[in-house]
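Hi everyone, thanks for coming.

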Amino acid sequence: MTRFTSLSRRGFFSGAAALSGAMLLPTSSEAGGENDLTVAPSRAQLLSPPRPATPVWAFEGALPGPELRFRQGDRLKLRLRNRLEEFTTLHWHGLRVPNAMDGVAHLTQPPIAPGDNFLYEFNLPDAGTYWYHPHLGGAEQVGRGLAGALVVEEETPIRVDRDLVWMLQDWRLDPGGAIVPGFDGMHDAMHGGRIGNHVTLNGRPVPQIDLAPNERLRLRIVNAATARIFALDFGSLAPVIVALDGQPVAPHAPEGGAVLVGPGMRADIVLDATGGAGAAVAVRDLFRPDAVYDVAILRHGDTSHRASAPDWDMALSPNPVPEPDLANATRHDVVFNGGMMGQMMMGDGAAEMVEQMQQGRMWFVNGRASDGHDGLPLLTAARGSTQVIAMENRTGWWHPIHLHGHVFRVISRDGRPTTHREWRDTVLMAPEERVEIAFRADNPGDWMLHCHVLAHQSAGMATLIRVADAA
Ligand code: C2O
Ligand code: CU
């Protein structure tokens, strides 16, 4: 298990970080309180020893990347140093950053050349669980391991005994432990994306995690897989969801019992270790009922932490996100189409779409396959206006749809209002589902809207939303 040295550097890592194993980044000699994050080839022990280590790409040699911890209201100042033999960038998934800091290659910045560096610098208005990853359109860089958690701690966090990040990643490994190449293969792209054959939690397969009976954990679950959806079941334990995609939500038990997290999405849960002294509880992924497997084992110790689970308040204070003004909203219908079996569901414009499919573009947003940075916005919104996007998944596949630069409320599913009207930056659409989202377009610039199944994204399931400064 990796243990990092943890010093407390004001504004960068808090005391809680020391407990959770967050890593201290080197401070660059160029001063100004900025930190360095170096990206380079590395190796990671993804398989259990004595099986071989896997060549990966990593931040600071760590997999997953260092857990960056800040306090709400802090300013992030981080210089990415590219030691890969590829161009790269960093996207701050879920953070409401200025457009020039969004890290989308060819849209918000030129890609960073091998040997070059780029300074990311922005304020952190929202507390919550976020993550960072390169954004070059294809699935390869994330698929080779480039992902890390970014936690912004609340001014007054809810009371827990331990606050832990759980980064989930999915790998397609050959028997020798090497990553199988082919990240945007046509077969994967037409189906559910590149589903792997090996899942890790914080870089390890099925880790055993020790709990004291009746201790309370806050688990920040991050799905950094490029395609796999998780429905995490905690056996006899009763997780309570307190935040989704970093944004507080009324504390509630997961619908159907399992915590559903699609690629790119996060769920913060409060978990009390109520299994009883000595109990081992398997955390399992139930998403595919025919392929259930263990993700982690929670081992309760023998010495009780306290006599029963605590009754501390779990409600987080909301972030300063502007409320959509639904009475004065502009409404847009957006149809997602394509993929295997897509022809059957296309309706209008099917001929053009079939033609595009023959050229390897498999997925369509309102009939168009795009890389999302061709300069053709799906819609242009006046700054400050409220936008409602009524999305329809006219495919036989699941799609986690991610919007950059903003967070939105999920207001309805299949025409029925949602219970929690949750804020999100990524919404998982089931096959043939209709979902309405609403947001205040308050952040000027061109922002991607795309599927976070990365092989779908690179096969066309992307577009952009323009927020124009003047109406
Ligand atoms: Cu997590 Cu457009 O990305
Ligand atoms: Cu998709």
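**Salt bridges in this model**

Let's start with Asp36, which forms a salt bridge with Arg81, and their closest N and O atoms are 2.8 Å apart. By salt bridge I mean a side-chain nitrogen of Lys or Arg within 4 Å of a carboxyl oxygen of Asp or Glu. Asp36 sits in strand 1 (residues 35-44) and Arg81 in strand 4 (residues 75-82), so this pair links distant parts of the chain, 45 residues apart. Strands here are DSSP runs (E, at least two residues), numbered from the N terminus. Asp36 and Arg81 are both buried, where buried means under 20% relative accessible area, exposed over 50%, and partly exposed in between (1.4 Å probe, protein chains only).

A quick word on the source: this is a predicted model, where local features need pLDDT of at least 70, side-chain atom pairs count only at pLDDT 80 or more, and totals for chains, interfaces and linings use all residues. Residues are numbered from 1 along each chain as its sequence is written, and side-chain values use heavy atoms, with hydrogens and water left out.

Next, Arg409 forms a salt bridge with Glu323, again with closest N and O atoms 2.8 Å apart. Arg409 lies in strand 25 (residues 408-413), while Glu323 is in the loop between strand 19 (293-300) and strand 20 (329-338), 86 residues away. Arg409 counts as buried because its relative accessibility is 15%, whereas Glu323, at 37%, is partly exposed.

And how many salt bridges does the structure hold? There are 31.

Conventions: Chains lettered and ligands numbered in written order. Helix = DSSP H or I, 4+ residues; strand = E, 2+ residues; numbered from the N terminus.
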